[in-house]
Amino acid sequence: DAGSKEYISLDNGTIIMVKMGKGIVNIQKFDANKNIEVARKMYNDLPKTAFFIDAIKLENRIYYIYSVVEKSTKGFKVYAREIDTENLAFKTPTELIKTSRAVVAAPSNGNLAEMKVGFAAFGGRDKFIVHKSFDESKVMITYRSSPISKSDAKNKDEIGFFVFDNNMRKIWGNEVKMPYTEKEMNNVGYSVSKSGQAMMLAANRTKKKYEAFIINSDEKLVINELDLSTEQLVKNIHIKEDLSGNFKCVGFYA
């Protein structure tokens, strides 16, 4: 057993299983047609402060994404390591992100019933969220920097938006300051398009409306007001890109 367990199916009937616990990564390969384990390898070369974020498939390639604590700054570095699906080789890590300071836990993406944002003792999935475009050509990693001010009425969130291609090469990325204070808005969800455009959904408490923030590679934030009131009882909203490259807001409300 392990603290994190990921199962990824490939197009040829192969399943790759990735487990991580206490700095050790176990990778297993299964033949789903024959119901047998084909191979198994263990790696223990990750730093002791490494925490699992996600394992994603991009065009039949698998990337293992994890964070490492920087003790001197209390910040994080985020890395990706490709897993060779033929021989289960764990390739050399590539640094994706270095945060400017500590990162705090983010809410569950799109679930407004779990909007309790706070500090967490560890790094990983509670701090960094990975998003893929509809065609899996773009990957975006988002996170929330530790607030400068502890007062919600004064602090404006700084959200990290980092966009990569499907070889995990950086296209653009930075920490973007929000236009409102924490008291004035709720961060609801995120998405990335196949063109590399980022969208963030926010609930504007002052206007009592939901708004879509668009961030392009120039890192400028554009606000679009949506025709959905925050006074409606919303359970969850997810932003999804469709085949034409448009963003769709999907969820349940009363």
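Author: The answer below begins with the chain and then turns to the core.

The model is predicted, so that local features need pLDDT of at least 70 and side-chain atom pairs count only at pLDDT 80 or more, while totals for chains, interfaces and linings use all residues. Residues are numbered from 1 along each chain as its sequence is written, and side-chain values use heavy atoms, with hydrogens and water left out.

The chain contains zero helices and 19 strands; helices (H or I, at least four residues) and strands (E, at least two) are DSSP runs numbered from the N terminus. Along the principal axes, the C-alpha atoms fill a box of roughly 55 × 45 × 35 Å. Of the 254 residues, 50% count as buried, where buried means under 20% relative accessible area, exposed over 50%, and partly exposed in between (1.4 Å probe, protein chains only).

The largest nonpolar core has 20 residues. Such a core is a set of buried Ala, Val, Leu, Ile, Met, Phe, Trp, Tyr and Cys residues joined through side-chain atoms within 4.5 Å. Val25, Ile27, Leu46, Tyr64 and Phe90 touch the most other members. At least two core residues come from each of strand E2 (14–21), strand E3 (24–31), strand E5 (50–58), strand E6 (61–70) and strand E7 (75–83). Strand E6 gives the largest share, four residues.

Phe90 shows the surroundings of one such member. Residues up to four places away in sequence being set aside, Phe90 touches Val25, Ile27, Tyr43, Leu46, Tyr64, Arg81, Glu82 and Ile83; contact means heavy atoms within 4.5 Å. A second, separate core holds 19 residues, including Ile53, Phe76, Val130 and Ile141.

Gly189 counts as buried because its relative accessibility is 3%. Ile239 is 50 residues from Gly189 in sequence, yet the two are 6.7 Å apart in space, C-alpha to C-alpha. Ser191 also lies in strand E14, and counts as buried at 6% relative accessibility. Beyond its neighbours within four places in sequence, the contacts of Ser191 include Met140, Gln197, Met199, Ile239 and Phe247.
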